[in-house]
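Hi there,

Here is the structure I promised to pass on. Have a look first, and my notes follow below.

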Amino acid sequence: GDHFSVSWPVSMVWSRLSLLKCCHSLKRHRCCHSLIAFVSRFLCHLLQLSIIFALQSFCFQHDFPKGMLLRFFRALYELDIVEEEVFVMWKEDISSNYPGKGKSLFQVNSWLTWLQTAEEESESD
């Protein structure tokens, strides 16, 4: 069966758009700016995580074709679709809501290690 509902990310996008429309009308209140930024970033991270979990489920359903998940991850990163910190959040997530986490990590662990090292080096500059 399908382990991942595509409607969830779609509803998240719709909810985010509705929230941003509502927040636009609140912009005249200075105290709302920080809250709007926080909520917007949180929803953006949730959407990015949902993309990664959907790809994990997709690869699981197709018996993890060699290198497929790594190619997806690299593309998402290079196209600035998923941020570095979201990849780390996915790596550290221990929930078992989506099957295939172990095999997924095996396929992308070296790349995630490179990503975290590159991020740490850029922060120290």
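The protein has five helices and zero strands; helices (H or I, at least four residues) and strands (E, at least two) are DSSP runs, numbered from the N terminus. Read from the N terminus on, its elements go α-α-α-α-α.

Please keep in mind that this is a predicted model, where local features need pLDDT of at least 70, side-chain atom pairs count only at pLDDT 80 or more, and totals for chains, interfaces and linings use all residues. Residues are numbered from 1 along each chain as its sequence is written, and side-chain values use heavy atoms, with hydrogens and water left out.

On confidence, pLDDT (the predictor's confidence in each residue, from 0 to 100) averages 79 over the protein, and 70% of the residues score at least 70. Helix H3 (residues 68–78) has the highest confidence, at a mean of 95, while helix H1 (residues 7–26) has the lowest, at 55. Over residues 1–8, pLDDT stays under 50.

Of the contacts (heavy atoms within 4.5 Å) between residues at least 6 apart in sequence, 71% join residues at least 24 apart.

Ser104 is buried, because its relative accessible area is 0%. Leaving out residues up to four places away in sequence, Ser104 touches Gln56, Phe64, Leu69 and Trp90.

Best wishes

Notes. Buried < 20%, exposed > 50% of the residue type's maximum accessible area, 1.4 Å probe, protein only.
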